[in-house]
Amino acid sequence: AMVSAGKTAYDFPKVLAEKQKMGADLFLLPGFHDPEVLGTSYNFLNRGDYFLTAQNLGGPEAVRQGVATIHRQGGHVLYYIEGLIVWKRSRIGRGGAAEWALMNADGSYFESYKGFYHMCPADPRWQEWFAKMAAEVMRTTGVDGFFIDSLTATSNHRCFNPAHHHPHPDVWNWGVRQTL
């Protein structure tokens, strides 16, 4: 919506001021990563490329300054990330994400959300990438924390991915705990 309105991350303080009029001090950044197809405004679809601050929202410096200004205004910032799904066409999706994904017993990838890999929270490689990504986003932007979507809002999923070397396919709850 911000891109469509011609706004950038430099406009975050104006958005927070409107929220504060209603008694809220929390600002949720729902995906300021670059869209899969540069030059479009589909930032939110590209879940997984959280390191790459969207140029159509002003780039990394705009986000840093926007977050710092929100803090000076007494606000708090959560950054939206996905704990379960990675867009297959994202940079990370075209990279190693398939190796970390849930597989069905027949060897096919589990896919409840079309076009996305569904990450196995019990795969240590996913856990490591997720932790490093979150730490880097926090370090470079100054956000206060994360809104982690989907991971705890879904039911148990069994994982048969042989590359994960699970002792059995029912590792979901243990994996969620370890990831978080």
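Guide: Trp100, Trp126, Trp129 and Phe130 form one aromatic cluster. The model is predicted, so local features need pLDDT of at least 70 and side-chain atom pairs count only at pLDDT 80 or more, while totals for chains, interfaces and linings use all residues. Residues are numbered from 1 along each chain as its sequence is written, and side-chain values use heavy atoms, without hydrogens and water.

Rings of Phe, Tyr and Trp (its six-membered ring) pair if their centres lie within 6.5 Å; planes under 30 degrees apart are stacked, over 60 edge-to-face, the rest tilted. By this rule there are nine aromatic pairs. One of them joins Tyr109 and Tyr117: the centres are 5.4 Å apart and the planes stand at 70°, so the pair is edge-to-face. Tyr117 has 14% relative accessibility and is therefore buried (under 20%; exposed is over 50%, partly exposed in between; 1.4 Å probe, protein chains only). The charged end of Lys88 sits over the ring of Tyr117, 5.2 Å from its centre (the rule: NZ of Lys or CZ of Arg within 6 Å of the ring centre and within 35 degrees of the ring normal). Tyr109, at 32% relative accessibility, counts as partly exposed.

Trp126 and Trp129 form a stacked pair, with 5.4 Å from centre to centre and 20° between the planes. Both tryptophans, Trp126 and Trp129, are buried. They lie in helix H4, residues 124–141, three residues apart, which is about one turn of the helix. Helices (H or I, at least four residues) and strands (E, at least two) are DSSP runs numbered from the N terminus.

H4 packs against helix H5, residues 172–179, at an angle of about 30°, and the axes are 10 Å apart (lines fitted to C-alpha atoms over the stretch in contact, with angles from 0 to 180 degrees between N-to-C directions). That makes H4 roughly parallel to H5, as the angle is under 35 degrees. On the H4 side the contact (heavy atoms within 4.5 Å) is made by Trp126, Gln127 and Phe130, and on the H5 side by Trp174, Gly175, Gln178 and Thr179.

The loop between strand S5 (145–149) and H5 holds Ser150. Phi of Ser150 is near 75°, a positive value in a residue other than glycine, and at 8% relative accessibility Ser150 counts as buried. His165 is also placed in the loop between S5 and H5. Its phi is near 55°, again positive in a residue other than glycine, but at 67% relative accessibility His165 counts as exposed.

Terms used:
Parallel < 35°, antiparallel > 145°, perpendicular 65-115°, else oblique.
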